[in-house]
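This briefing is for a reader meeting the structure for the first time. Please look over the sequence and the model below before reading on.

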Amino acid sequence: MDCIFCKIAKKELPADIIYENDDIVGFKNINPESPTHLLFIPKKHLEWKDNFNHNDLLILASLINGAKIVAQEKNILNACKLIFNIGQTGHIDHIHLHLLGGWTKSVPKYNI
Ligand SMILES: [Zn+2]
């Protein structure tokens, strides 16, 4: 499958990985929309149109927990955003969770 996120998960493409467990990888977005802009992806290729089994749902929960852990580590948990783009709002079908934060002044209402 020609999926850029699958290749990152398999380490076939470089990425600045900041979090990883058995099921997910978190890495820096190469085109950041905020001072901290990370992406969390399942290692397994999952799309929103898929029918999720129980393990898939645990993986999706792990995305949120991974983002929370990193937000705590980066001390941005007081003001950050977690965003899933679904369908035509996104560019890559492989499910990915955006973690945005690190603003020093005001928090933008919409930025992605
Ligand atoms: Zn993929």
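The largest pocket holds about 500 Å³ of space; a pocket here is an open set of points on a 1 Å grid over the protein atoms alone, where a 1.4 Å probe fits, with protein on both sides within 12 Å along at least five of seven lines, and lining residues have an atom within 4 Å of a point. The model is predicted, so local features need pLDDT of at least 70 and side-chain atom pairs count only at pLDDT 80 or more, while totals for chains, interfaces and linings use all residues. Residues are numbered from 1 along each chain as its sequence is written, and side-chain values use heavy atoms, leaving out hydrogens and water.

- Two or more lining residues come from each of H1, strand E2 (24-28) and E3, and H1 gives the most, with three residues.

**Zinc site**
- The zinc ion has as protein donors Cys-3 (SG), Cys-6 (SG), His-45 (ND1) and His-94 (ND1), which lie 2.0 to 2.3 Å from it, where donors are N, O and S atoms within 2.8 Å of the metal (3.2 Å for Na, K and Ca).
- Because the four donor atoms subtend angles of 104 to 116° around the zinc ion, the arrangement is tetrahedral, a term that requires all angles between four donors to lie between 85 and 135 degrees.
- In sequence, the donor residues follow the spacing C-x2-C-x38-H-x48-H.
- Cys-6 is buried, with a relative accessible area of 9% (buried means under 20%, using a 1.4 Å probe and protein chains only).

Technical notes: Tetrahedral: all angles 85-135°; square planar, octahedral: opposite > 155°, others 65-115°. Buried < 20%, exposed > 50% of the residue type's maximum accessible area, 1.4 Å probe, protein only. Points joined across faces, edges and corners; volume = space filled by probe spheres on them. Helix = DSSP H or I, 4+ residues; strand = E, 2+ residues; numbered from the N terminus.
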